[in-house]
Amino acid sequence: MPVYLTPEQLAARNKRSLWIAVGLVAFIVLIFTTTFMRMQANMTARTAQDRALASAPAQPASMAETSN
Amino acid sequence: MTQAPAPIPVHVPSTTQPEDFFQLLKPRVMSLVVFTAATGLVVAPGSINPLVAAIAILCIAVGAGAAGALNMAIEGETDALMRRTRGRPVAAGRLKRNDAIAFGIVLSVFSVMLLGMNTNWFAAGLLAMTIVYYAVFYTMMLKRRTPQNIVIGGAAGAFPPVIGWAAATGSAPWQAWLLFLIIFLWTPPHSWALALYSAGDYAKAGIPMMPVAKGAKSTRLQILLYSLIFVPVAIAPGVVGMGGGIYLTVSIVGGLAFLALAARLWRSRAGDAPDKAEAVGREAALYDVRAEAKPARNLFAFSILYLMALFAALLVESFVVPGT
């Protein structure tokens with residue numbers, strides 16, 4: 001059985017649909033932004049960690065030679 | 001002879017507007033939540049990316065709004081009985097109860113999830129707990145069972161600064177809980193002052209608010225007693241080093257004014273007679289009361305100003321005074 005909407009019901013439904021779409025897009029943008037920022041923070045931390053490891057003084061291999 | 005087929009149930013489209021969904025979020029309460037949560041986040045030690053902070057505050061605000069939506073959905077029939085609340089979307093029939101519940105649940109899930117992804121899961125857990133505390137524990141269980149409903153249920157409104165602090169640092173030390181305690185102790189005198197001049201509304205709805213359950217005189221005394229505990233706690237951040245000179249000045253001067261208003265209310269006859277709008281039988285603005293009830297109205301209005309001033313002072317000091 002078909003349902004016929006009054007003009008008021010149609011306008012209200014269209015308005016609700018528009019705001020649902022806006023809300024979904026805003027949510028997607030927030031998820032993207034959050035993911036991007038967390039990835040950037042992780043990459044920065046990883047880079048700092050790699051640099052710290054690279055600049056750490058090398059293990060003195062000569063200690064083994066002098067003890068002999 | 002064949003029987004006529006049973007009519008097919010048809011979902012009748014509603015004329016609910018987006019503004020009705022927005023009203024479900026209780027925007028005025030949300031603004032206070034945003035403010036106190038932002039204060040907790042800013043005052044917390046360490047630094048936080050401004051965008052992360054903004055999204056965290058948004059999540060907390062939406063979570064608070066979701067709790068408000070669930071509250072309105074559950075309380076629809078009760079709200080319809082009270083002058084102050086019968087214009088709300090569910091109470092007025094503009095929005096179906098199930099739609100409000102679905103809206104509240106969806107917002108709750110998304111806000112908690114996004115807060116966890118954006119900051120940490122401790123803050124997200126606190127937000128989830130706050131929503132459940134308000135919608136289930138306070139609205140469904142406490143509100144109709146005890147005159148102490150607002151004392152215990154007020155904790156829900158006190159969590160936002162702790163959530164903000166947790167979002168910034170991943171933990172909630174005693175300083176965050178001091179901010180919690182300020183709002184927790186502020187809630188009874190604030191709410192009971194309002195209840196003193198809208199007791200008739202609560203009685204009609206069967207809600208055992210303090211003036212309905214214990215009478216106006218007892219309520220006025222309890223407001224004074226809670227105020228005597230609240231004001232020293234409100235000053236405490238200035239004493240323990242969380243706030244500086246600005247906070248100390250605001251908290252002491254405002255606190256003395258708060259106590260003076262509470263004492264004046266205690267000596268008055270506010271709440272002894274039916275409130276003005278009830279007597280005249282019309283809708284009334286929130287602050288339109290009988291002369292005898294003015295001390296209650298004044299304390300209610302000042303309590304909002306005082307709480308905002310306290311948190312504003314903390315915020316200002318965080319930005320202006322280095323090292324705080």
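Biologist: Let's start with the helix pair. Is the crossing where α1(A) passes α5(B) left-handed or right-handed?

Modeller: This is a predicted model, and in it α1(A) passes α5(B) in a left-handed crossing.

Biologist: Okay, and how do I read the packing itself?

Modeller: In general, two packed helices are described by the angle between their axes and the distance between the axes. Here, helix α1 (residues 7–55) of chain A and helix α5 (residues 97–118) of chain B have axes that come within 10 Å and cross at roughly 20°. Angles under 35 degrees count as roughly parallel, so α1(A) and α5(B) are roughly parallel to each other.

Biologist: Which residues of α1(A) and α5(B) make the contact?

Modeller: From α1(A), look for A:Phe27, A:Leu30 and A:Thr34; α5(B) brings B:Phe110, B:Leu114, B:Met117 and B:Asn118. Sorted by class, that contact has 5 nonpolar, 2 polar and no charged residues.

Biologist: Now zoom out to the chains. How many residues does the contact take from chain A and from chain B?

Modeller: Chain B supplies 16 residues and chain A supplies 15 residues. On the chain B side, the elements giving two or more residues are α3 (50–74) and α5. Of these, α5(B) gives the most, with 4 residues. The side of chain B that touches chain A has 10 nonpolar, 6 polar and no charged residues.

Biologist: Last one: where in chain A does UniProt place the feature "transmembrane region"?

Modeller: The unreviewed UniProt entry puts that feature at residues 18–37 of chain A. In the model, that span is 100% helix and 0% strand, and its end C-alpha atoms lie 29 Å apart.

Definitions and conventions. Residues numbered from 1 in each chain as written. Chains lettered and ligands numbered in written order. Predicted model: local features only at pLDDT ≥ 70, side-chain atom pairs only at ≥ 80, totals over all residues. Axes fitted to C-alpha atoms, helices over the stretch in contact; angles between N-to-C directions. Parallel < 35°, antiparallel > 145°, perpendicular 65-115°, else oblique. Left-handed = near helix turned anticlockwise from the far one by under 90°. Contact = placed C-beta atoms within 7 Å. Nonpolar A, V, L, I, M, F, W, Y, C, P; charged D, E, K, R; others polar. UniProt positions renumbered as here; feature names shortened; annotations may be inferred.
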